[in-house]
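Me: I have a structure open and would like to go through it slowly. Could you help me with a few questions?

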Amino acid sequence: MKPLLLLSTLILVFAGPVLASTNAGSGEQEWFVSYTYILAATSFILALKWLSHPKTARRGVMVGEIGMLLAIVGTLISHEVMSYTWIMIAFFIGAAIGVPLAVFMPMTAVPQRTALSHAFGSLAAALVGSAHYLLNTPDISTFHMIALVFEMLLGFLTFTGSMMAFGKLQEILPSNPMVYKGQNFLNFTLLGLAVASGVYMIIDPSALWMFPIFIILSLMFGVLLILPIGGADMPTVIALLNSYAGLSASLMGFVLDNKLLIVAGALDGASGLILSIIMCKAMNRSFTNVLFGAFGATTAAAKADDVYGGKVKSVSAEDVAMMFEGAQRVVFIPGYGMAVAQAQFAVRDLANLLQAKGTSVEYAIHPVAGRMPGHMNVLLAEASVPYDEMIEMDDINPTMPQVDVAVIIGANDTVNPIARTDPSSPIAGMPIIDADKARNVVVIKRSLSPGFAGIPNPLFAMPNTVMFFADGKKAIMDLIAAIKAAA
Amino acid sequence: MDINIFVFIMATFLGIEVIRRVSHLLHTPLMSLTNAISAISVVGAIIIAGQEYPAGHQYANLAKILGVIAVAAAFSNVVGGFMITDRMLKMFKPEARAKQQNEKGGQK
């Protein structure tokens, strides 16, 4: 709690004299606003710092909330704000949207909620930019105009892009990539036109007739950018949209000459950037490949019979229960399929049963498993799996040969050993969890259908692998029943 | 102006250094927390929605409407972002406490 103490001391030192002064003239009022902004920026950085470990993470949220509160109160009392009625109404509407989204959304829907919140954030930035432009044109300096145009471009395209991502994740829109001939050419042309119309406005800030054209082009580019993105590429794309939304807020800071906005937006932009890089590395692909490669749409799902023909062993719950008998170390490898089947609670129950018999249980998490960064961790945490049992791919791989049973539930491409062996495969070079090196492998899956990459998985045909064909949740519950019956 | 660029560059590098250290476990809460933090754009929206407009400006009403929508959109992230981050972080428990919860039958 030391840093919190430090922070409150800081608050007293900075804000105390201002609060204590009885004669709050407008000059001192502005000083107070500046102080609250400095404190808010500091608290945001602390919040992210404390997020580095689950032990301190909740403290980080609290400090972030305090910073936000300070900044909002500081702005409300600044001399720039004259009327409050509509602001209060907007607060009420915002809370009415935000609170239910935070409280009632099931954890499996977190990727959708995140996409939606990127849409709201970027919409706010785009609208503030638009209002600023309408009010001040043509008296805007070239530098401000550049920041303004890019704020609006990023804001509007992230808004429609995030709404598209939301639609795909919520499965209102088909989640597979939508591709057509000349797609990349059309996208680049559209982006070029949007930038060109923006540059025109920078050169001639009084060109109001260009403004609606610029907005429509930006909105359209956002839609077309996300059309060819498939479900399993969502982690990267959500991270990228996160980065855009942050940059847009930061550019708003340049336009309004507000350093707090610049700092907070830059932090968000940096976070999105780092996450996208981690996601790209975890798939051994580049940004351009994710955005313009239309992955999973073109690969021919050939030679599945060559890989599987006669070599796949299908087993029952009782057979799998026998494999757990005497196993020292069991590792669960979850994928998006676990989220779809809502199997995380059943997996936790099975793990408890195994641990009660003295078996060590861990969970191996691939960075791109699920639909957003860290998706599997949140689902397992929701099912009360302790975080010390969730192991990152790089940490668990060296010990995979000592694993007695690896249970793969809802994962496919992230455990496909072809990534190591076949340089011509679409997932060549992608780091995988080395499930094939475990002594025994149990794959819980409904059928032999391929994963997102559209290729067969030789792991399923290996001599030490058995397939347990069933729905994820039902399979685990049958396993629990079988283990209990055997005891 | 150049001070603003300086601030931006420093904040980006600081952000990269701090966020690189965030545990992979917490990448989803990280995203919702940074999302809540960047909802600080509510500050810009408040200034647009609450300022005194030049008398008789032809776009005053439109700008006010855009500002009010922006306040609502950003504020939904302020409230929702912090709340869901905390809701997620509450679920991350070390071994001992998670086991306690399991014995009580777990959540739900």
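Me: To begin with one residue, is A:Phe469 buried, exposed or partly exposed, and why?

Reply: This is a predicted model, and in it A:Phe469 counts as partly exposed because 15 C-beta neighbours lie inside 10 Å of it. A count of 20 or more would be needed for buried, and one of 12 or fewer for exposed.

Me: Where does A:Phe469 sit, and what does it touch?

Reply: A:Phe469 belongs to strand 6 of chain A, which covers residues 465-469. Leaving aside residues up to four places away in sequence, A:Phe469 touches A:Ser314, A:Lys445, A:Arg446 and A:Ser447.

Me: And how far is A:Phe469 from A:Trp31 in space?

Reply: From C-alpha to C-alpha the two are 67 Å apart, and 438 residues separate them in sequence. For the chain as a whole, the C-alpha atoms of chain A fill a box of roughly 80 × 55 × 35 Å along the principal axes.

Me: OK, what is chain A built from?

Reply: Its secondary structure comes to 19 helices and six strands. Chain A has 487 residues, of which 52% are buried, and of its contacts with a separation of 6 or more, 78% join residues 24 or more positions apart.

Me: How does the domain assignment divide chain A?

Reply: The assignment gives domain 1 as residues 1-82, domain 2 as 110-292 and domain 3 as 304-486. Between the centres of domain 2 and domain 3 of chain A, taken over C-alpha atoms, there are 37 Å. Their contact involves 17 residues from domain 2 of chain A and twelve from domain 3 of chain A.

Me: Which helices are on the domain 2 side of that contact?

Reply: Helix 5 (110-136), helix 9 (234-256) and helix 10 (259-283) of chain A each supply at least two residues to the side of domain 2 that touches domain 3, and helix 10 of chain A gives the most, with five residues. By class, that side of domain 2 of chain A has 13 nonpolar and four polar residues, but no charged ones.

Me: Changing topic, how many residues are in contact between chain A and chain B?

Reply: There are 97 residues of chain A in contact with 83 residues of chain B. On the side of chain A that touches chain B, helix 5 of chain A gives the most, with 17 residues. Sorted by class, this side of chain A has 61 nonpolar, 25 polar and eleven charged residues.

Me: What about helix 3 of chain B, is it mostly covered or mostly open?

Reply: Helix 3 of chain B, residues 42-50, is mostly covered, with nine of its nine residues buried. Among these buried residues are B:Val42, B:Ala45, B:Ile46 and B:Ala49. The buried residues of this helix pack against helix 4 of chain B, and also against helix 3 (54-77), helix 4 (85-103), helix 5, helix 9 and helix 10 of chain A.

Me: Which residues does B:Val71 touch?

Reply: Not counting residues up to four places away in sequence, B:Val71 touches A:Ile87, A:Ala90, A:Phe91 and A:Gly94 in chain A, together with B:Val42, B:Ala45, B:Ile46 and B:Ala49 in chain B. In the largest nonpolar core, which has 203 residues, B:Val71 is one of those that touch the most other members, along with A:Ile333, A:Ile408, B:Ile40, B:Val42 and B:Ala70. Helix 4 of chain B, residues 60-91, provides the largest share of this core, 17 residues.

Me: A backbone question now: which residues have a positive phi without being glycine?

Reply: Among them are A:Glu171 and A:Ser384, each with a phi of about 60 degrees. A:Glu171 is in the loop between helix 6 and helix 7 of chain A, and it counts as exposed because it has 10 C-beta neighbours inside 10 Å. A:Ser384 is in the loop between helix 16 and strand 3 of chain A, and it counts as buried because it has 23 such neighbours.

Me: And where is there a cis peptide bond?

Reply: The bond from A:Thr137 to A:Pro138 is cis, with omega near 0 degrees. A:Pro138 lies in the loop between helix 5 and helix 6 of chain A.

Me: Last one, what is the average pLDDT of chain A?

Reply: Chain A averages a pLDDT of 87, and 92% of the residues score at least 70. Over residues 16-25 of chain A, however, the pLDDT is below 50, and this stretch has six contacts in the model beyond near neighbours in sequence. Where pLDDT is low, predicted coordinates should not be read in detail.

Definitions and conventions. Residues are numbered from 1 along each chain as its sequence is written. Chains are lettered from A and ligands numbered from 1 in the order in which they are written. This is a predicted model: local features need pLDDT of at least 70, side-chain atom pairs count only at pLDDT 80 or more; totals for chains, interfaces and linings use all residues. Domain bounds come from an automatic or database domain assignment. Two residues are in contact if their C-beta atoms, placed from the backbone, lie within 7 Å. Helices (H or I, at least four residues) and strands (E, at least two) are DSSP runs, numbered from the N terminus. Ala, Val, Leu, Ile, Met, Phe, Trp, Tyr, Cys and Pro count as nonpolar, Asp, Glu, Lys and Arg as charged, and the others, Gly among them, as polar. A nonpolar core is a set of buried Ala, Val, Leu, Ile, Met, Phe, Trp, Tyr and Cys residues joined through C-beta atoms within 7 Å. pLDDT is the predictor's confidence in each residue, from 0 to 100.
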